[in-house]
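Q: Please take a close look at the aromatic rings of this model and at what surrounds them. I would like one connected account, with the cut-offs behind each term.

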Amino acid sequence: MTIKQTLALLVLCILAGTGAYARTFDKGDVVISAAGIISPLGLKSDWGEFYIQDQTQNIQHDAKLGKPGFGGELQAVYFLHPRFAAGISASEQHFAKDKASGWEVNVGTHQKNLMLGGQFFINPESEYKVYLPFSAGWNHSRVSVDFGGSQHFKYTGFAYRAGIGVMHVYSRHWALGLEARYNGNQFHNSHYIASNGNRIHLRHKMNFVSGVLRLNYIL
């Protein structure tokens, strides 16, 4: 499934909701949410995935994180102003193993995030509220690479997100949201000796685009 197809499906899910419920957020409102995440990947190393280099044989190739990622997120935000909410989120996402480079190398990734962030609403009085979600925080990733035997790497580093979303409030307490966002994660590079004796350099990045479908409950 391409990114365009994924976003189109998420838009249809939102539009399938019940009728509009005119409501603006007020200072002091609290919104908790649960979300499903899909990350189609495909940005390649120039934009944000990673590459594997065999320094012994002087061979290198782009590598993706695995198959398209699926995961979930929990979030709570507090409205400091009708246009702005701040809060915390926790998410987890899994990229199953897949042939990930020209060497036919299997790569799989599992990530966890804990983030602080906010939402800035461009048109808070509209039926369909457009907003800009952003956050920064902590990422822990586990990468498995089948290169000369299965190799496992654990990374902990800085993470950030930015995107655009639309929210449709359809009752006093419930709202659906759709987001498209860029996920950035910064880690150190890795060097190791494979089981065949070759020296391997892994320049690890975990930067990718995600589509998010969010169910919000307004307290």
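A: Ring pairs link Phe25, Phe79, Phe121 and Tyr131 into a cluster, where rings of Phe, Tyr and Trp (its six-membered ring) pair if their centres lie within 6.5 Å, and planes under 30 degrees apart count as stacked, over 60 as edge-to-face and the rest as tilted. The model is a predicted one, in which local features need pLDDT of at least 70 and side-chain atom pairs count only at pLDDT 80 or more, while totals for chains, interfaces and linings use all residues. Residues are numbered from 1 along each chain as its sequence is written, and side-chain values use heavy atoms, with hydrogens and water left out.

By the ring rule, the count comes to nine aromatic pairs. One of them is formed by Phe25 and Phe79, which are stacked at 4.4 Å centre to centre with 15° between the planes. This pair links distant parts of the chain, since Phe25 sits in the loop between α1 (3-15) and β1 (30-39) whereas Phe79 belongs to strand β4 (residues 69-81), 54 residues apart; helices (H or I, at least four residues) and strands (E, at least two) are DSSP runs, numbered from the N terminus. Both Phe25 and Phe79 are buried, a term that means under 20% relative accessible area, with exposed over 50% and partly exposed in between (1.4 Å probe, protein chains only).

Tyr160 and Tyr182 form a tilted pair, because their ring centres are 6.5 Å apart and their planes stand at 40°. Tyr160 lies in strand β8 and Tyr182 in strand β9 (residues 174-186), so this pair ties together parts that are 22 residues apart in sequence. Tyr160 is partly exposed, with a relative accessible area of 30%, and Tyr182 is partly exposed as well, at 27%.

On a 1 Å grid over the protein atoms alone, a cavity is a set of points where a 1.4 Å probe fits but cannot get out, and lining residues have an atom within 4 Å of a point. This second largest cavity holds about 30 Å³ of space, a volume being the space filled by probe spheres set on the points, which are joined across faces, edges and corners. Strands β6, β8 and β9 each supply at least two residues of its lining.

The largest cavity holds about 160 Å³ of space, and 20 residues line it, of which Gln75, Gly118, Pro133, Phe134 and Ser135 lie nearest its centre. The largest share of that lining, five residues, comes from β6.

Strand β6 (residues 106-121) runs antiparallel to strand β7 (residues 128-146), and 16 bridges join them, where two strands pair if DSSP finds at least two bridges between them. A hairpin of six residues connects β6 to β7, and within this pairing Leu116 has Ala136 in β7 as its bridge partner.

Definitions and conventions:
1 Å grid on protein atoms, 1.4 Å probe; cavity = no way out; pocket = protein on both sides within 12 Å on 5 of 7 lines; lining within 4 Å.
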